[in-house]
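Here is a short briefing for a reader new to this structure. Look over the sequence and the model, then read on by topic.

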Amino acid sequence: MKAVAVFSAALSLLSLGSASSDAAIKHTSNVALPSTFKPPQVFKNANLVHVVSVEKNYVKENINVLIENVDKAAQDEYFLPFTPEQLSRIGGLEVKDRKDANAGPFKAELVEFDPTSDVQYFRITLPTPLKPGGQQTLGISYYVLKAFRPLPATINQDEAQYLSYSCSAYAPSAYTTTKQKTEIKFPSATIPDYTKLPGSGDVTEFPVKQGSKLTYGPFDEKPAGATEPVTVRFEFNKPVTHIAQLERDIEVSHWGGNVAFEERYTLYHRGANLSQLFNRVKWAQQQYYNPTSHALKELKFPLRVGSADPYYTDVIGNVSTSRFRSNKREALLEIRPRYPLFGGWKYPFTIGWNSDAKNFLRRTATGGFVLNVPFLEGPKQLEGIEYEEIQVRVVLPEGAENVKFHTPIPGSSIVDADVEIHKTFLDTIGRTALVIKARNLVDDFRDRELVVSYDYPFMASIRKPLVIFGSVLSVVVGAWIIGNFEMKFSSAKKA
């Protein structure tokens, strides 16, 4: 018995040393610069097209710009300005070469030089320095969360919802822009209010309305940092779904051959509040003719083929209003909250499911393991989903070491990554867990992969069976000793 206990303790100490040595994965995208920093005027924007899409419940902006090096030396750093308030809501920033699809995303990182400044910058590094007089077409895309304001703020249960959005008719730029225009795309042609600006050339007034699109410009040359505030108001009879926090756990079991997923959501509806109390009778009557409503009635989660054993709970307990369809082509989990969600309402809930490990896990030629799972899954809705805070925790087997990861999620949205110890049932030192924190992502990043590589030594793989065997053996031996121990007093012999 003592030998078994000592052997188990030695294995625990060895694995503890391995896990702690790997717990140093950190990620940061911030670059410190002097407080007097100003972007050098080495570029000009020869032509710029700014496309703003408000078709979903978040804003997607694309800036297609032809940049030109006006300096006498080659340059490879291009800066993009934002206000601190904008920066707190921007995520998923990616930069690509519009004329070379194979070039891949350029490096884009947040520059920190003065936290109190009215302007902050992203620094975009070109893969090849642009020679003097050279031109390159950049495609810059990013998302703006919590961008809309319901107007009016309160409406009746069956009334149409309108949202208001404010931005600039000029694209954000740290450089002089020779020519530019801004296009705003809407979900429908119902746009009752929008800011009007003086036109130029043959156009007497901006914007020009074409169906569900407004076009401001083209504008003549504008200096660096120029802005022209505009506000638009449009009809949006869909839920404004906002996930304030998502905690996504992925637990890998080598012995069980299983990968377990669990996602905990804190969901808010950021649309217009109800001006009167919710009328369930009216709601039930409306379902017969299915009118347009801004209430959130259901969520659909497309899962990987082969997913099984789904569950759906909230703060009360199990929720039975769900349906799961699984076949060789798809696996779809449809859930209905206990009540329809209107503007200003909050709904925390949890879903989970299992999947065969062979769908995600493989062994390398060197004896290590590679796990390939989606970084973000979540619901897929026509109106879109935005995520403010995301925590992805990958729980690996006890004793896993040399943990590394890669994901195509934009580095500007990854806040932190670290390796921790997660303790659960029948563990001795706890399981190795990779924890990645991200901010300001949207459902456009669904199914972008997260690749985790790690080593799993043989001695670590047999620790749990040894611990279980040693524990059972201890109980059996202890019971045998107690069973053979006599507690009664012996009677004295008579003379």
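**Overview**

The protein has five helices and 33 strands. This is a predicted model. It has 495 residues, and 46% of them count as buried. Salt bridges number 24 across the whole structure.

**Contacts and surface**

- Take the contacts in the protein with a separation of 6 or more: residues 24 or more positions apart account for 77% of them.
- The accessible surface comes to about 24800 Å². Carbon and sulfur atoms hold 53% of that area.
- Ile468, Val472 and Val476 form a nonpolar patch on the surface. Together they have about 240 Å² of accessible area.
- Val476 sits in helix α5, which covers residues 463–483. Its relative accessibility is 49%, so Val476 counts as partly exposed; the exposed class begins over 50%.

**The largest pocket**

- The largest pocket has a volume of about 650 Å³.
- It is lined by 30 residues, and those closest to its centre are Phe82, Thr83, Gln86, Pro172 and Thr227.

**Trp353, a buried residue**

- Trp353 belongs to strand β26, residues 346–356.
- Its relative accessible area is 2%, so Trp353 is buried. The cut-off for buried is under 20%.
- Leaving aside residues up to four places away in sequence, Trp353 touches several residues, among them Arg248, Val259, Phe261, Leu303, Pro310, Tyr311 and Glu377.
- Asp309 is also one of the residues that Trp353 touches.
- Trp353 and Tyr312 are 41 residues apart along the chain, and their C-alpha atoms are separated by 9.2 Å.

**Salt bridges**

- Arg264 pairs with Asp249 in a salt bridge, with the closest N and O atoms 3.1 Å apart. This pair links distant parts of the chain, 15 residues apart: Arg264 in strand β20 (residues 258–269) and Asp249 in strand β19 (residues 241–253).
- Arg264 is partly exposed at 22% relative accessibility, whereas Asp249 is buried at 11%.
- Arg338 forms a salt bridge with Asp314, and here the closest N and O atoms are 2.6 Å apart. The partners are 24 residues apart, with Arg338 in the loop between β25 (331–335) and β26, and Asp314 in strand β23 (residues 308–314).
- Arg338 is partly exposed at 34% relative accessibility. Asp314 is buried at 12%.
- Arg323 forms a salt bridge with Glu334, with 2.7 Å between the closest N and O atoms. Arg323 is in strand β24 (residues 322–326) and Glu334 is in strand β25, eleven residues apart.
- Arg323 is partly exposed, with a relative accessible area of 48%. Glu334 is buried, at 10%.
- Shared partners join salt bridges into one network of Glu247, Asp249, Glu262, Arg264 and Arg393.

**Backbone exceptions**

- Most residues other than glycine have a negative phi, and most peptide bonds are trans.
- The peptide bond from Leu151 to Pro152 is cis, with omega near 5°. Pro152 is in the loop between β9 (149–150) and β10 (154–155).
- The peptide bond from Gly217 to Pro218 is also cis, with omega near 15°. Pro218 lies in strand β17, residues 213–219.
- Asp309 is not a glycine, yet its phi is positive, near 55°. Asp309 lies in strand β23. It is exposed, with a relative accessible area of 54%.
- Asn440 has a positive phi of about 55°, although it is not a glycine. Asn440 lies in strand β32, residues 431–442. Its relative accessibility is 5%, so Asn440 counts as buried.

Definitions and conventions
Residues are numbered from 1 along each chain as its sequence is written. This is a predicted model: local features need pLDDT of at least 70, side-chain atom pairs count only at pLDDT 80 or more; totals for chains, interfaces and linings use all residues. Side-chain values use heavy atoms; hydrogens and water are left out. Helices (H or I, at least four residues) and strands (E, at least two) are DSSP runs, numbered from the N terminus. Buried means under 20% relative accessible area, exposed over 50%, partly exposed in between (1.4 Å probe, protein chains only). Contact means heavy atoms within 4.5 Å. Patches are made of residues with over 30% relative accessible area and no salt bridge: like charges are joined within 9 Å, nonpolar side chains (Val, Leu, Ile, Met, Phe, Trp, Tyr) within 5 Å. Accessible areas come from the Shrake-Rupley method with a 1.4 Å probe; for residues, only the protein chains shown count as cover. A salt bridge is a side-chain nitrogen of Lys or Arg within 4 Å of a carboxyl oxygen of Asp or Glu. On a 1 Å grid over the protein atoms alone, a cavity is a set of points where a 1.4 Å probe fits but cannot get out, and a pocket is an open set with protein on both sides within 12 Å along at least five of seven lines; lining residues have an atom within 4 Å of a point. Grid points are joined across faces, edges and corners, and a volume is the space filled by probe spheres set on the points.
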